[in-house]
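I opened the notebook to look at how the secondary structure packs. I wanted strands and helices, looked up one at a time.

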2 protein chains.
Amino acid sequence: MSEKFEQPGAALERGKVYLVGAGPGAPDLITVKGLRCLRAADVVIYDRLVAPELLAEVRPGAELIFAGKRPGCHQLPQAEINRLLIEQARRGRLVVRLKGGDPFVFGRGGEEAEALAQAGIPFEVVPGVSAALAVPAYAGVPVTHRGLASLVTIVTGHKERGTEASAVDWRTLARVGGTLVILMGVKTLPQIVAELQAGGLDPATPALVIEWGTLPQQRSVEDRLAEIAGRAAEAGIRAPAVIVVGEVVRLREVLAWFRGEGTAPLATDDPYAIMADE
Amino acid sequence: MSEKFEQPGAALERGKVYLVGAGPGAPDLITVKGLRCLRAADVVIYDRLVAPELLAEVRPGAELIFAGKRPGCHQLPQAEINRLLIEQARRGRLVVRLKGGDPFVFGRGGEEAEALAQAGIPFEVVPGVSAALAVPAYAGVPVTHRGLASLVTIVTGHKERGTEASAVDWRTLARVGGTLVILMGVKTLPQIVAELQAGGLDPATPALVIEWGTLPQQRSVEDRLAEIAGRAAEAGIRAPAVIVVGEVVRLREVLAWFRGEGTAPLATDDPYAIMADE
């Protein structure tokens, strides 16, 4: 029956780089294809937020290289990572570049793909579930909802190195409507909120900050836009966190379903049979 | 080793509904958790764009119910689907509601979750890879890219039933910058383009329409914003299609990697071992 899952060009190849999204945090939110790449890899170059359960899936003898990227402490500069990917592929290895979330959503995957293309190294992108959409879902918030939000904007709160001003026009964003999801915005949240309010966004707009979303330690704080930065600071919320601003946050009262949040881990008698060794 | 993949509360339960995202089209882009739910289901209520390879994964004796939703021909009204989910869960079955993409991104999953919550039926959301992000990736377009796009907006081109005007303020969207991804917008593309240009978006902005993204029959047309609607009509592009507007479209020239596009299916000797029966 496995043939049913064959796709044209699906054979995994050596001398190639797979830019794989690990998903938002919970290891079982990786894709089937992503896991397949990981299990076939000769070398895995991974980022900080990748679940250890995923790294444990590599085959014996596969090499694991930590590419760092702690906030404020980039262990391997991007150019170094690019060079490493190229070098490993040139050695004829099956290279997996494992990144949190989706490699093409604020993952710098586009830059890595560019470097590979320029070096003539074949690559594939294996999309991952983006934290921008899945973390709100785990907090009981659909980013779109009939009558409440016909659009969602995903934006980074991170300023590019060497620039003081954000590349984002927050004041225009304030007028666009729908749901706003901010990644990497915990540190800059006070300025973001000020800009959004200056742009005309109602200070009473519901806002939510979710820390460690999709994981057992997930927790979140909710408040009006005007109060959310202070509330998050008070609660000691730190990265990784996803910020949601918009009317959809109200649905959380009814829709919150994830038992990880605010509860002790539950015992389970249901091991992930699918993840077992083959 | 399967214990490493256990998450608190991970045991699948009967009398419960799992709102599962099937991903953007290619069956191997479903999540590991989504596939696990599908294989455990007593009943699967599925939408039109779900891959047949996924439906073939249910266990013998599981019931499959098609919920319809062809464009312009809603086979089962939403209220009927909600009622069906509730009824099946009350019968003590493990219910999977399988939806294309992500259930909380224009999937009406929020409405189904609301109905379940109101009826006191336990449910979980299993996020899927959204077509809004993955289909551009398969066409060689990262929706964000350093120096080109610090934000991405995902919006529906579909008008709500009974309304002529779109709920979306396209003219403000035109000024927000970054990348614009439009789902369900093929039919309304001429009006959308007119509104975006009226809002000040440069007619020369690169635009791309991708039909059947991530599947072997994927094809796309690219042109300037001003010409894209005519070009897509000329090529006979129809739903399902994803539209991308923004400077990131230019990266496609270098980054296009998916061999499905414009090529005959390739033979593969690499069956999806992970998908084999357990």
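My entries on the sheet and then on the helices follow.

I am working from a predicted model. I looked up the strand order in chain B. Five strands form an open, parallel sheet in the order 3-2-4-1-5. Strand 3 (63-66) and strand 5 (123-126) of chain B each have a single partner strand, so one side of each is left without a neighbour in the sheet. I noted an average twist of 20° from one strand to the next.

**Strands 1 and 5.** I then checked how strand 5 of chain B is held to its partner. Four bridges join it to strand 1 (residues 16-21) of chain B, and the two run parallel. I picked out one pairing: Val17(B) has Phe123(B) of strand 5 as its bridge partner.

**Helices on the sheet.** Helix 1 (residues 32-40) of chain B lies across strands 1, 2, 4 and 5 of chain B. I read its angle to strand 4 as about 130°. Helix 4 (residues 109-118) of chain B lies across strands 1, 4 and 5 of chain B, at about 170° to strand 1.

**Helix on helix.** How do helix 7 and helix 8 of chain B cross? Helix 7 (residues 189-198) and helix 8 (residues 225-234) of chain B have axes that come within 9 Å and cross at roughly 175°. An angle over 145° counts as roughly antiparallel, so helix 7 of chain B is roughly antiparallel to helix 8 of chain B. Helix 7 of chain B contributes Leu189(B), Pro190(B), Val193(B), Leu196(B) and Gln197(B) to the contact. Helix 8 of chain B brings Leu225(B), Ala226(B), Ile228(B) and Ala229(B). I sorted the contact residues: eight nonpolar, one polar and no charged.

How values were computed
Residues numbered from 1 in each chain as written. Chains lettered and ligands numbered in written order. Predicted model: local features only at pLDDT ≥ 70, side-chain atom pairs only at ≥ 80, totals over all residues. Heavy atoms only, no water. Axes fitted to C-alpha atoms, helices over the stretch in contact; angles between N-to-C directions. Parallel < 35°, antiparallel > 145°, perpendicular 65-115°, else oblique. Contact = heavy atoms within 4.5 Å. Nonpolar A, V, L, I, M, F, W, Y, C, P; charged D, E, K, R; others polar. Pairing = 2+ DSSP bridges.
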